[in-house]
Each structure stands twice: as C-alpha cells, then as structure tokens.
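Subject: Two-chain model for you to look at

Hello,

Here is the structure I promised to pass on. Please open it first, then read my notes below.

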Amino acid sequence: MSSLGGLIVFAVLTAVSLAAMGCLMMATVAHNQFFIERIKFMEKIGERCRGYLEIESMAKLQDNRTVEAVIKNMGAGSISVKDFDEIDLIIIYRNSNGSIRAEWLPYDPSESLERGWRALNITYNGVDELKNPIAPDMSSGFWDDDESLAIKAWISSGQDIADEFMLIMVAPNGVRTR
Amino acid sequence: MPMGSLMTEFTLAVAATVIAATLAGVYFTSLNQVTDLQKLQVLGLKEQLYYRCDIIFAHSSEGSTTIKFWVKNIGFKDLPKELIKKSELVILNRNKVYYLLYGESSNSWNYRLLNDSDDDGRWDPSETIEVEAHLSESLTSGDYYLKFVLFNGAESEYNLSV
C-alpha cells in the first residue's frame, strides 16, 4: 500500500481504537455505579437479616382497649425518633363478640387519635439510655441496638380486647418482631 | 514520480480511506448497539433492585369476602399511584385461584396509604399501604397463599389461614 494510504488507515484505526476505549470506559463506569448501588442494597438487606425486634413484655390495661409493651431492639440498627411514624404496629386480638380483629395503629405522640400508639420511654438495661438519648419531648434521639422502647397502644372505643392479644412491630427498614 | 504511479497511489489511498471509514462505521454502529443494550440491562436491574415490598401481615375470617393485608415498601424508590395500581394480586387455596387487578369492584383490590408523612400521595420507602382484596365469593375455612406483585415483578408472599 502507498505511504499516504497507510497513514490515513492508521489514523482512522487509531481514532476508532480511542473511541472504543472511551465507550468501554463509559460502560465500566455504569457497571461500577450499579455495583456500588447493589452493595448498598445488600448492606440494607444484611441489616434486615441480622436484626430483629423482641417483645420483652406486654400487658393489657383495665379499660380493655389500651395495652403497654416493651420492645427491645436486637440489632435492628439505630432508629431515629423522627422516623417513628414509619414504624408499623399491628395489634391482633379477639373482642368480646368472639371475632378476631387485626388493626394497624398509627403513631400518635399526642394521643389525639381514636386509635394509635406512642412511645413512653427508651431504656437500656432498665436504666436511662446511654447512647443517643431521646429528648423529653421526643423531638430527637435514637432507639439504638440493645435499647428497649416502652410503648402504649390503644384501639378505638367501640372495640375491646377480650383476652390475649399479639403485637407485630416493623421498623422503617423492614426489621420486625420475632 | 511518473504520472501513472501517482494516479495509482492516489486511487489506492482513496480506496483504503473508504474501506477504513466503512469498517469504522460498522464498528461504531455495533459498539453503540452493545452500549445501548448494556444501558438497558443496567436500567432493568436497577428497577428490580429499587422497587421491593414486603407483606407484613394479612387478616381475614371465614365467611368474609375481603382479605386485608399490610405491605411495606422496603425498596429504595417511591412509587406513584399509577405504578402502585399496576400491581397484581394472586390468592390461591386448594380449590381456587384468584388473580386480582386494581379496581373498586369485586374480584379486585384497592389500597390506602397509611403513614404518608410527607402527604405526597406516593408510596415512599418505609411507608406502608393497607390493601383490601375483594373477592366474589366468601372465604371458606382453610389455608390461603397470597402473592403481591409490583409492576416490575418484585413480589412478596404470605400464608394465611382462616
């Protein structure tokens, strides 16, 4: 081939190679980004697999529509008080008519709703918590691992809890009571 | 250099350029297609990863035509109403299979957002919806299997006894 033709072909192939490398790098970057997101997600899943919530005690009060319970955070991660409205609390009970009912209760720190639940306090081994303590008005703080959350829950006035009941609590990250 | 030799070299140079350009064009087109395919694949995988849900609890009773259950968004992204409504519900027991789509009539399901703290009408991560499945027949005593499938195929299962 002539020297001019050879030079042109060489230049075109070099340009193609550079462009191909660029495309390859873009694809690698996209894959890396996806890989990082995947790791984040796996961390979240791992957190969910690792921890759980444990009901330490629960009792029904005399009005037959209010219950109090203490739930321990067993490695579910720190849960901000500000995210308590994302906690699910489901109460399952039998009423005096004999029918089994299940109700999802909204977080209601001011006890203004007909049914709901609110946090009473957070303790660590029976004493005031040491890590990320909550403010008295529940405006800040965390429910951390190994800490116990005392709650009060109430059902609507037209219903009653005749005998035993169950509580299901699910943290914002999906960790639930066992 | 003789004129004939110069013409030959020029012709060869033009031919080589045309061939190289054609090859480069074909190569770039193929490379673009591969890149697009890869992007689509990554997008698809992202979608699978971002949208997930979990049935927390389901409840019904014998003789009822309704099954109520609570589903939590345990993914990364929020779902607008339009996408929530694209979810499907499968309920089966030993004798019957129900395949329910979103709707207001019987043999359909509908939902309400429970803790929509930002009041945006979207199903955000960590938020929960209450789903009511309306069946055309009363439930008889027995075991039921529930499967709630999101628009992207992510699903959650639950076993229920009434």
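What percentage of the 162 residues in chain B is made up of buried residues? The share is 22%. One caution before the rest: this is a predicted model.

Chain B, overall

Chain B has two helices and eight strands.

The dimensions of chain B are worth a look. Its radius of gyration is 29 Å, whereas a compact globule of 162 residues would have one near 15 Å. Along the principal axes, the C-alpha atoms of chain B fill a box of roughly 105 × 40 × 25 Å. As for contacts in chain B between residues at least 6 apart in sequence, 58% join residues at least 24 apart.

The sheet of chain B

Chain B holds an open sheet of eight strands. The strand order is β1-β2-β6-β5-β4-β3-β7-β8, and the pairing is mixed. β1 and β8 (155–161) of chain B are the edge strands, each pairing on one side only. On average, neighbouring strands of this sheet are turned by 25 degrees against each other, direction ignored.

One pairing in detail: strand β7 (residues 143–149) of chain B runs antiparallel to β8(B), over seven bridges. Look at B:Lys147 there. Its bridge partner in β8(B) is B:Glu157.

Chain A, overall

Chain A has one helix and ten strands. Its elements run α-β-β-β-β-β-β-β-β-β-β from the N terminus on. The radius of gyration of chain A is 28 Å, well over the 16 Å from the globule rule for 178 residues, so chain A is more spread out than a compact globule. The C-alpha atoms of chain A fill a box of roughly 100 × 40 × 30 Å along the principal axes.

Chain A is divided into domain 1 (1–50) and domain 2 (52–170). Taken over C-alpha atoms, the centres of these two domains of chain A are separated by 51 Å. Buried residues account for 25% of the 178 residues in chain A. Of the contacts in chain A with a separation of 6 or more, 63% are between residues 24 or more positions apart.

Why is A:His31 classed as partly exposed? It has 13 other C-beta atoms within 10 Å, and a residue counts as exposed at 12 or fewer and as buried at 20 or more, so A:His31 falls in between. A:His31 also gives a sense of distance along chain A. From A:His31 to A:Gly158 is 127 residues in sequence and 56 Å in space, C-alpha to C-alpha.

A sheet of chain A

Chain A has an open sheet of five strands, in the order β1-β2-β9-β6-β7. The pairing in this sheet is antiparallel. β1 (52–60) and β7 (127–128) of chain A are at the edges. Each has a single partner strand, so one side of each is left without a neighbour in the sheet.

Within this sheet, strand β6 (residues 116–124) and strand β9 (residues 148–154) of chain A pair in the antiparallel sense over seven bridges. A:Trp117 has A:Ala153 as its bridge partner in β9(A).

Where the chains meet

How many residues does each chain bring to the contact? Chain B brings 34 residues, and chain A brings 32 residues. On the chain B side, α1 (3–50), β1 (53–59), β2 (66–73) and β6 (128–134) each supply at least two residues. α1(B) gives the most to the side of chain B that touches chain A, with 18 residues. By class, the side of chain B that touches chain A has 18 nonpolar, nine polar and seven charged residues.

If you start anywhere, start with α1(B), which gives the most to the chain B side of the contact. Then go to the pairing of β7 and β8 in chain B.

Best wishes

Notes:
Residues numbered from 1 in each chain as written. Chains lettered and ligands numbered in written order. Predicted model: local features only at pLDDT ≥ 70, side-chain atom pairs only at ≥ 80, totals over all residues. Contact = placed C-beta atoms within 7 Å. Helix = DSSP H or I, 4+ residues; strand = E, 2+ residues; numbered from the N terminus. Nonpolar A, V, L, I, M, F, W, Y, C, P; charged D, E, K, R; others polar. Domains from an automatic or database assignment. Rg over C-alpha atoms; globule rule 2.2 N^0.38 Å. Pairing = 2+ DSSP bridges. Axes fitted to C-alpha atoms, helices over the stretch in contact; angles between N-to-C directions.
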